[in-house]
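Biologist: Please pick one part of this model and look at it closely. I would like to know how its pieces pack and what lies around them.

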Amino acid sequence: MQLYNTLTRRKEPFVPAVPGKVGMYVCGITAYDFCHIGHARSSVVFDVLVRYLRYTGLSVTFVRNFTDIDDKIIKRANEEGSTSEEVAERNIRYFYEDMDGLGILRADVEPRCTTHVPEMIQVTRQLIDKGHAYATPSGDVYFRVRSFKDYGKLSGRDVEELEAGARIAPGEEKEDPLDFALWKGAKPGEPSWDSPWGKGRPGWHIECSAMSEKHLPLPLDIHGGGQDLIFPHHENEIAQTEAALDKPFARYWVHNGFVQINQEKMSKSLGNFFTIREITARFLPEVLRFFLLTMHYRSPLDFSDEAMEEAEKGLRRIYAALAQVHAELDQPKSWNKGPLPKEIDAELADLTAKWREAMEDDLNTAAALGHVFGLVRLAGRVLENKGWRKLEGGKALLEKTLALMGEWGGVLGLFDRDPAAFLAELRTSRAARKGIEAATVDELLAARAAARAAKDFAGSDAIRGQLAEMGVEVKDTPAGQEWDVA
RNA sequence: GGCGGCAUAGCCAAGUGGUAAGGCAGAGGUCUGCAAAACCUCCAUCCUCCGGUUCAAAUCCGGAUGCCGCCUCCA
């Protein structure tokens, strides 16, 4: 497949270093708070990438870390009077709750920094030995940025220009303002580990270097994360790792775009910030996942209730089609001999090829989802045609539709629910959001049923109008009335 | 100031040289007591603007305008 590589700024054919095997590392969360939609996007994108690579037959080892010690965690622990372990442990639990809801698969290895301190000390020591890092009298260790000639190659920065804006903060003992911490000497009351430089804790960037090297062969085939990690985090990872080991760190750098609110970056300081659980309290998790995949992973994505509702309607249509196909297939009947017109099979083959092409092209899930709708329409046409739907060829197409939806859904992490159950949940979710009471609806529906039974169509229609004003649509089926939120 | 990205119909959104996917909304139709769902048809002669390259450009190049991101913790 083609993958956009931040390092070269182009799409490149993705070829693993070892045929058939992929080592992939994605920067995980810093466990100091609930996860937000940005985490959801990143997690969904790389989850789909892993699923797709496996779908194409590659054996993927996926490593995603947890940062469980850092300034923000310590700060949070101090604020609430607990420990950094408690803060990290709790937020990692929340992470799993949120991610499980979104259908994110567990990584093969999920290392935590606090269990890899010796490895980080080891890399730091190597860097000092090679002259790429230095310890200060107060027990910090800094990476000597100017000692690494390729510094800036990932983010396209120039060391001289960075220098212009850089300052050494009061109290820092850096040789150069560009230098960054590999090891931070412990301040009173902070969690710390013993090291050759005294008690302290690791800097942020060093963890990924140490943990990826421990759990995967270097260079990594794929290193991923959010766009905001390109600089300085990933730039620093490259500097440390390549300076310490004298070999390339990662071959393909993949970065997902931001989630925005009203065209602006989502951030706590702007107050336009949504956690995953805030969203999934109002929309089903699968709606969020579907929404995130309707845009290409590198594009900025604007989040809003309106956009979510639109995604919700799209997903509802897909599940409704699935429900109809199931219903048709489950109905006991004898199928008439004969195939469908050749064009139908040709269309199906075309859709299958196009879906695959879309995924091959830098994981274009937006286009792939477009082809899912193509399949929905195709099945709908067969269902609509009174002749076709009784044909063995029609049966075959309907079965193929289900198989393909299962296959594609397995890669996208969608469409795996029982359609009837999903639709029922969706209705409940939409009704709750719009303040529609099921009991009230049922009362009106009973009255309408009575009116219809008495052939009082004017009365029946009046009730329909009343329900419509509430945002409720009534559908008359052979089995009776059904309702949904418009 | 430096670096990078984006600008496609009412809205969202694919499309990186061969003549505009898909979704939502909307219009007409089939079906229906009436509806809904589903299906069919329609809905951008044109892709912010101005130049250029080419037989051919939304797609490449140059310029303009607008918006956004990074340069500080951040998915």
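Modeller: Helix α1 packs against helix α9 (residues 285-293) at an angle of about 75°. Their axes lie 10 Å apart. Axes here are lines fitted to C-alpha atoms, for helices over the stretch in contact, and angles run from 0 to 180 degrees between N-to-C directions. α1 is therefore roughly perpendicular to α9. (Angles of 65 to 115 degrees count as roughly perpendicular, under 35 as roughly parallel, over 145 as roughly antiparallel, and the rest as oblique.) Helices and strands are DSSP runs numbered from the N terminus: helices are H or I with at least four residues, strands are E with at least two.

This is a predicted model: local features need pLDDT of at least 70, and side-chain atom pairs count only at pLDDT 80 or more, while totals for chains, interfaces and linings use all residues. Residues are numbered from 1 along each chain as its sequence is written, chains are lettered from A and ligands numbered from 1 in the order in which they are written, and side-chain values use heavy atoms, with hydrogens and water left out.

Which residues meet? From α1 come I37, A40, R41, V44, D47, V48 and R51. From α9 come L288, R289, L292 and L293. Contact means heavy atoms within 4.5 Å. By class, this contact has 7 nonpolar, no polar and 4 charged residues. (Ala, Val, Leu, Ile, Met, Phe, Trp, Tyr, Cys and Pro count as nonpolar; Asp, Glu, Lys and Arg as charged; the others, Gly among them, as polar.)

Some of those residues turn up again at a cavity. The structure holds 1 cavity of 30 Å³ or more. The largest cavity has a volume of about 40 Å³. On a 1 Å grid over the protein atoms alone, a cavity is a set of points where a 1.4 Å probe fits but cannot get out; a pocket is an open set with protein on both sides within 12 Å along at least five of seven lines; lining residues have an atom within 4 Å of a point. Grid points are joined across faces, edges and corners, and a volume is the space filled by probe spheres set on the points.

V44, V45, V48, L293, M295, Y297, L363 and T365 line the largest cavity. Helix α1 (residues 37-55) supplies the largest share of that lining, 3 residues. The lining has 7 nonpolar, 1 polar and no charged residues. V44 and V48 of α1 and L293 of α9 belong to the helix contact, and these three also line the cavity.

About 950 Å³ of space lies in the largest pocket. It has 39 lining residues, and H36, G38, H39, D228 and L229 are the closest to its centre. α1 gives the most, with 6 residues. Its lining splits into 16 nonpolar, 15 polar and 8 charged residues.

Helix α4 (residues 117-129) packs with α6 at about 105°, and the axes lie 9 Å apart. α4 and α6 are therefore roughly perpendicular to each other. On the α4 side, E119, M120, V123 and T124 make the contact. On the α6 side, I206, E207, A210, E213 and K214 do. By class, 4 of these residues are nonpolar, 1 is polar and 4 are charged.

What joins L218 and P219? A cis peptide bond does, with omega at about -5°. P219 sits in the loop between α6 and β9 (220-226). Another cis peptide bond links F231 and P232, with omega at about 0°. P232 lies in helix α7 (residues 230-245). D246 is not a glycine, yet its phi is positive, about 55°. D246 is found in the loop between α7 and β10 (250-256).

Now place α1 in the chain. Chain A is divided into domain 1 (2-279), domain 2 (310-418) and domain 3 (434-485). Those bounds come from an automatic or database domain assignment. The C-alpha centres of domain 1 and domain 3 lie 55 Å apart.
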